[in-house]
Amino acid sequence: MSEKVTLGKLSTGVPGLDVLLGGGLTEFSFTLIAGAPGSGKTTLAHQIMFALAQPERRALFFTVLGEPPLKMLRYQQQFSFFDMDKLGPSIRYVNLADDLRAGDFSGVLERIMREVEDFSPGLVFVDSFRSVAQTGRNGNEGLWDLQHFIQELGSRMAMWQASTFLIGEYTPADVEANPIITVADGMIALSHNQDGDAVVRKLRVVKMRGQAHLSGSHTMRITDDGLRVYPRLLPSMPDTFRVAHRDACRISTGVAGLDELLHGGLPQGHTLLASGPTGIGKTILGTRFLQAGADAGEKGVAIYFEKHTARLRNAELIQLVNAGHVTVMESRSLSLSIEELMDELLDTIARTGATRVVIDSLSEIALYLAPEFRHDLRLTVFRTLALLAERGVSVLVTAGFEDNQPDLRFSFDNLCFLADAVLTMRFAEIEGRLCKFMTVVKARGIAHSNELRSYSITEKGIEVDPFPAPYDRVLSGYPVARTQHK
Amino acid sequence: MDKHDNRARPLVAGTPSDAVRPGHAPPLVHAWLRLSGRLVPLIGENGFGALFGRSLRLVAPNYPWLSMDLSRKTSATLLAGLEADFASVDDGDAGNANEALIGIFTRQLGALIGPALTTRLLAESKAENEQQQNQQEHKE
């Protein structure tokens, strides 16, 4: 049996943060929460405090010269985690502003100790610690005072078995923070990165003694529920993926001819990428996919990145929405993070019980994304599809690109590699008409037709010819009628 | 400077002597002391002083004998001034002014931190008051 000390882990109550910390926050640790004004430090501290505080593990929150306490209480109670019942028995606020005026660290330390002895907290917060540090003397004496103060505070709090958080307007590169970073067991840095006109919030665990934490910057959001961190990890693979399904359940795509090309429909839970130029029928295919789901009693979610009028003129879709079969998601933000998009999508899937999702289209999604996510659209799509696969929903994604025949490509940005099945839809000129053709390029795990079929868009939807197109070089855009002997 | 500030009477020694402390003033101010004891740790002396000063200013037109002295910065000096003011009038006037002051102070606080948190803080303060009164009655 190991005689090494076991570090207790505290769950922070901040979704995603425990994963970054390597399982949670180490008990009795001394952590610096650092970041620029407005980066969410006080909110993070409050969220952790309200998650952990209870009569057996009380929390003392020292306010200093930062945000006035009245305003802090005014704004923090807007978050859902702010539990008023915890104020008093489990949480006490103490204002240190008057003690700091003397500019003497030892006086502040004594005041903190008096309050700690009186309340016996398991959690101690000092916000903002930079205010404390700046009231010290200038020069080396001040630096020594500060380091001594921090060491004293750290060791006394550890003796009291209190997990302590210092909140300060520091960045990891801030020289002034060095003494604190040196002494602290952990450091969580918050930032808001501006790229173009968009701002994306980030959280980074700079250090966390005694446990392996996840390095790097991770996107975070602040919502009515507080902070949420999105570790840069793919979702875990569901158990169903570990079992070989030789006869995967098939679902109808809503287009009989396409189901035939897929030899019985799309395997349930797969992603079909339908690509092709404008006007080729991708949106109609999406609507038919949802309609087929509704006919089978399935709920659907549609995410549209096309302009609103395109959707409003889609009578079939409006009927599906009005009947409650389909929920439409559309963003008005032009600085979306992939995390916001996934949050809303997963919430909608969970709320509606949807088993089908249509994303229309990947070519316009970039218009809505913040630059960081736009620049790496492939990663954005990869993460989205991985998450949907984990949920087991069947997905139809469309991707439009300009026809540049005879260039034989099936998507842009190599997106076709991310889908389980790829349907390419192309125009070709035949006898003075612009005709439409489709073929299944790939379909993982199932046999499928390799025929090029001509199809039409009629009032019935997409009608696919039952036989292969009697032309050669269709994909070149300039087909040639196939002669009989061929 | 507010015109009513001219009426402010400076406190000679922070707290009036027992000789000029009619019996009705201390109990009224005790409630405020309890409240400040609850609020000052939470919102600081500055926060309490700002709220109290604003409330006093709003009530003062109806009670011109309430003094406003800008040199009073701490809750202790503010409440000592209030006690002196209450002592300078009869208990009916003092009670009415106190009620109006508490009403306005509560509304001000409620507007900032919400009625739920305000009610909670006031209830805790009131409970402490009642507990102390009971203890005193028990001793008597």
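Student: What makes β15 and β17 of chain A a pair, and in which sense do they run?
Tutor: In this predicted model, strand β15 (residues 300-304) of chain A and strand β17 (residues 356-360) of chain A are joined by five bridges in the parallel sense.

Student: How do you know which stretches to call strands or helices, and how are they numbered?
Tutor: Both are DSSP runs, with helices being H or I over at least four residues and strands being E over at least two, numbered from the N terminus. Residues are numbered from 1 along each chain as its sequence is written, while chains are lettered from A and ligands numbered from 1 in the order in which they are written. As the model is predicted, local features need pLDDT of at least 70 and side-chain atom pairs count only at pLDDT 80 or more, whereas totals for chains, interfaces and linings use all residues.

Student: Why are β16 and β22 of chain A said to stand at the edges?
Tutor: The open sheet has nine strands in the order β16-β15-β17-β18-β14-β19-β20-β21-β22 (chain A), with mixed pairing. β16 (326-329) and β22 (461-468) of chain A each have a single partner strand, so one side of each lacks a neighbour in the sheet. From one strand to the next the twist averages 25°, where axes are lines fitted to C-alpha atoms, for helices over the stretch in contact, and angles run from 0 to 180 degrees between N-to-C directions.

Student: What makes β8 and β9 of chain A antiparallel partners?
Tutor: Strand β8 (residues 186-195) and strand β9 (residues 198-208) of chain A pair in the antiparallel sense over 10 bridges, and Gly186(A) stands opposite Met208(A) in β9(A). Their hairpin has two residues between the strands, and in it Gly196(A) takes a positive phi near 65°. β9(A) is also joined by three bridges to the antiparallel strand β10 (residues 217-223) of chain A, where Leu203(A) stands opposite His218(A) and Lys202(A) opposite Thr219(A).

Student: How many residues does each chain bring to the contact between A and B?
Tutor: Chain A gives 14 residues and chain B gives 14 residues, two residues being in contact if their C-beta atoms, placed from the backbone, lie within 7 Å. On the side of chain A that touches chain B, α3 (69-76), β5 (91-95) and α4 (97-100) each supply at least two residues, and α3(A) gives the most, with four residues.

Student: What is chain B built from, and how much of chain B counts as buried?
Tutor: Chain B has four helices and zero strands, following the pattern α-α-α-α along the sequence. A residue is buried if 20 or more other C-beta atoms lie within 10 Å of its own, exposed if 12 or fewer, and partly exposed in between, with C-beta atoms placed from the backbone. By that definition, 29% of the 140 residues of chain B count as buried.

Technical notes
Pairing = 2+ DSSP bridges.
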